[in-house]
Amino acid sequence: MSLQRYVCGVCSNINGVYNRTFPDQPPTLFDFTGNVSALGEAANVTTEVLKIDYNDEVEIRFQGTNFGAAENHPMHLHGYSFYVVGIGDGNFSETDISKYNTVNPPYVNTVRLPKNGWAAIRFKADNPGVWFMHCHLERHSSWGMDAVLIVRDGKKKPQKVRPPPKDMPPCSVSSS
């Protein structure tokens with residue numbers, strides 16, 4: 001039984017719900033913290049999930065932008081605590097990796113993404129399931145500052161998502 005089935009028994013039968021193109025990097029690179037007024041729309045509106053293998057070591061880099069009113073964003077990941085290995089001002093650069101704190105990084109479930117800055121987190125994907133990652137400012141989540149992570153099952157029974165209870169009502173699909 002697929003992990004997606006646990007979310008909704010008919011998910012695999014709904015066309016166009018999930019794309020399989022979760023990006024590894026921004027589709028367009030630009031000065032995220034500079035003048036972005038001429039760039040138009042801040043993000044594409046899509047439904048995409050990031051699928052992660054069980055026990056993968058994951059690094060996620062958040063980049064603050066100047067779209068709208070730039071501000072701090074409390075980024076939260078359900079189902080996990082993670083290590084904050086780096087936080088900085090401006091645009092993230094590969095040279096920032098050498099400044100990561102890998103000796104005693106904070107272990108939290110929410111990280112402050114600085115205004116016009118970046119934050120990098122790491123965690124081991126050892127909790128299979130479907131997990132919501134979002135800005136804790138509720139309005140921002142409605143603007144698309146969120147994502148869904150699916151951590152696939154491991155090989156052993158304790159590394160798998162438990163099946164739904166037998167008395168769980170099936171999902172339904174609206175015809176509207």
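**Close-up views of salt bridges and aromatic pairs**

View 1. Lys99 is exposed, with a relative accessible area of 61%. Buried here means under 20% relative accessible area, exposed means over 50%, and partly exposed is in between, with a 1.4 Å probe and protein chains only. Asp96 counts as buried at 10% relative accessibility. The side chains of these two residues, Asp96 and Lys99, meet in a salt bridge with an N to O distance of 3.4 Å. A salt bridge is a side-chain nitrogen of Lys or Arg within 4 Å of a carboxyl oxygen of Asp or Glu. The model is predicted: local features need pLDDT of at least 70, side-chain atom pairs count only at pLDDT 80 or more, and totals for chains, interfaces and linings use all residues. Residues are numbered from 1 along each chain as its sequence is written, and side-chain values use heavy atoms, with hydrogens and water left out.

**View 2. The whole chain, for orientation.** The chain has two helices and nine strands, in the sequence order α-β-β-β-β-β-β-β-β-α-β. Helices (H or I, at least four residues) and strands (E, at least two) are DSSP runs numbered from the N terminus. Of the 176 residues in the chain, 32% are buried. Among contacts between residues at least 6 apart in sequence, 81% join residues at least 24 apart; a contact means heavy atoms within 4.5 Å. The structure holds five salt bridges.

**View 3. Salt bridge between Arg152 and Asp53.** The side chains of Arg152 and Asp53 meet at 2.9 Å, N to O. This pair links distant parts of the chain, 99 residues apart: Arg152 is in the segment after strand 9 (146–151), and Asp53 is in the loop between strand 1 (49–52) and strand 2 (57–63). Arg152 is partly exposed, with a relative accessible area of 35%, and Asp53 is also partly exposed, at 38%.

View 4. Glu94 and Arg61 form a salt bridge through their side chains (3.3 Å, N to O). Glu94 lies in the loop between strand 4 (82–89) and strand 5 (107–108) and Arg61 in strand 2, 33 residues apart. Glu94 counts as exposed, with 54% relative accessibility, whereas Arg61 is partly exposed at 37%. A network of salt bridges links Glu59, Arg61, Glu94 and Arg122.

**View 5. Asn91 and Thr65.** Asn91 is found in the loop between strand 4 and strand 5 and is partly exposed, with a relative accessible area of 30%. The C-alpha atoms of Asn91 and Thr65 are 8.6 Å apart in space, and the two residues are 26 apart in sequence.

View 6. A search of the whole structure finds five aromatic pairs. Rings of Phe, Tyr and Trp (its six-membered ring) pair if their centres lie within 6.5 Å; planes under 30 degrees apart count as stacked, over 60 as edge-to-face and the rest as tilted. The ring centres of Tyr80 and Phe123 are 4.8 Å apart and their planes are at 45°, so the pair is tilted. Tyr80 lies in the loop between strand 3 (73–77) and strand 4 and Phe123 in strand 7 (residues 117–124), so the pair ties together parts that are 43 residues apart in sequence. Tyr80 and Phe123 are both buried. Tyr80 also pairs edge-to-face with Trp131, at 6.3 Å centre to centre and 80° between the planes. Trp131 is in strand 8 (residues 129–135), 51 residues apart from Tyr80. Tyr80 and Trp131 are both buried, and ring pairs link Tyr80, Phe123 and Trp131 into a cluster.
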